[in-house]
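Subject: Structure handover

Hello,

Please find the structure below, with its sequence. My notes on what was found follow it.

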Amino acid sequence: MSNQLTKKEEIYSRIFDIESSLHNVQDVDVLLEIILTEARKVVSADAGSIYVAEGDRLSIRYSQNDSLKKNLPRGQKLPYTFFSFPIDSKTISGYVALTGSMVNEPNVYEIDEVKPYTFGKETDKMTGYKTVSNLTIPLNAPNGTLLGVLQMLNALDENGNIREFSADDETYLKHFAYNAGIALERSYLTRAMIMRMIKISEMRDPKETGAHANRVASYSVEIYDRYAFHKNVPEAERIKYRDSLRVASMLHDVGKVSIPDSILKKNGRLTDEEFSLMKTHTWKGAALFKPIMSFVDEIAVEIALRHHENWDGSGYPGFINKETGEAERLDYSTHKNQGLKGEEIPLSARIVSIADVYDALSSNRIYKEAWKEEDVLNEIRACSGTKFDPELVEYFFEALPNIQAIKNLFTE
């Protein structure tokens, strides 16, 4: 009995530590992924999914499966699959969202016929994975508003065999889900404020849409994840950086609010004078995040100021007075300000540069149609070592399947 109590104490201690760390995460998508990962650890689940409530539908955001992941190259993530379905009683997740109750099914292939929901076997057939036990719980804000659904699959015993989710697992997950809901509500408020800032930019510049900002931010995190894997970045540092990177990269072009409409909305090539004025959006955007009060502010300044720098030093704004924008290091061969080069450019800006160009070329604009995917990828590859950090280009291509899936999620 004492050993069992000790085990419970260890689990509750772990839950407390996890909950404390959740409140330090600011971005919704990063937080959702962490919630799923940590919830699975709490109840020893082999797999799981997390859904977000969007009106009268549930949309899957992340799914994880340790058994299927073992078949992938080391460090590679499962491809993203995005879909949505109605909140009704036909599915387990829909039923949980509709009723606000927890569901614990010991075997999803033997659900009692009197219950309103069934288990969809299509995913198991497609992946070759056998789902058995299922523990699903709603994620609610403190005021009771449904935020999403957390679904745990296939609890494992100490020998790695599938077992039923226990009454203790239910208690652990209820406690975890309550505090996860609090953290999630706060991150939604942060996201809402960011989206309002982007909406202001969109009123000025039709290219700066919420979908564009979300795509660039999501692509950037995928590229960073590959970088962090190859560089053996410690987990705590990786979580902190990717969270700040995602928030800050959404605001990479916020400085364009300072640019006149005659330039932002011009349907054609800018004159040299107009382009010089357009370049000021970098340092003017960076100024919006000063004084620096947090790591997010620090990354936001880097990205806003430096995401148009080029690996070979041909980008802008280069070495400038960050308060006035005045050139501080002229290249006498070109009579232009010298750009930052190579690793002089912050990592965050080098990542966002690739993500931003990929999205810009892949999207329709008032002055151009979207490029074909093959042409976009060829251009990214051609710019390796000149415009882009060649190492990060390789990581971009490693992450490409997930990047392409994300592109289909955040449509205009």
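The helices named here are DSSP runs of H or I with at least four residues, the strands are runs of E with at least two, and both are numbered from the N terminus. The model is a predicted one.

Backbone

Most peptide bonds are trans, and most residues other than glycine have a negative phi. The following places depart from that pattern.

The bond from Lys 290 to Pro 291 is cis, its omega being near 0 degrees. Pro 291 sits in the loop that runs between α11 (281–287) and α12. Tyr 316 and Pro 317 are likewise joined by a cis peptide bond, here with omega of about 5 degrees. Pro 317 belongs to the loop between α12 and β8 (330–331).

Ser 44 is a residue other than glycine with a positive phi, near 55 degrees. Its position is in the loop between α2 and β1 (45–54).

Helix packing

Two packed helices are described by the angle between their axes and the distance between those axes.

The crossing of the two is right-handed. On the α12 side the contact uses Ile 299, Glu 302, Ile 303 and Arg 306, and on the α13 side Ser 348, Ala 349 and Val 352. By class, the residues of this contact are 4 nonpolar, 1 polar and 2 charged.

Which residues make it? From α13 they are Leu 347, Arg 350, Ile 351, Ile 354 and Tyr 358, and from α15 they are Leu 392, Val 393 and Phe 396. Of the residues in this contact, 7 are nonpolar, none is polar and 1 is charged.

Cavities

Rolling a probe the size of a water molecule over the atoms shows where empty space is left. Counting cavities of 30 Å³ or more gives 3. The largest cavity has a volume of about 130 Å³. Its lining consists of 15 residues, and those nearest its centre are Asp 29, Tyr 62, Tyr 80, Ser 218 and Arg 246. Two or more lining residues come from each of α2 (28–43), β2 (57–65), α7 (210–230), α8 (235–249) and α16 (400–409). What classes of residue line the largest cavity? The lining has 8 nonpolar residues, 1 polar residue and 6 charged residues.

Regards

Definitions and conventions:
Residues numbered from 1 in each chain as written. Predicted model: local features only at pLDDT ≥ 70, side-chain atom pairs only at ≥ 80, totals over all residues. Heavy atoms only, no water. 1 Å grid on protein atoms, 1.4 Å probe; cavity = no way out; pocket = protein on both sides within 12 Å on 5 of 7 lines; lining within 4 Å. Points joined across faces, edges and corners; volume = space filled by probe spheres on them. Nonpolar A, V, L, I, M, F, W, Y, C, P; charged D, E, K, R; others polar. Left-handed = near helix turned anticlockwise from the far one by under 90°. Contact = heavy atoms within 4.5 Å.
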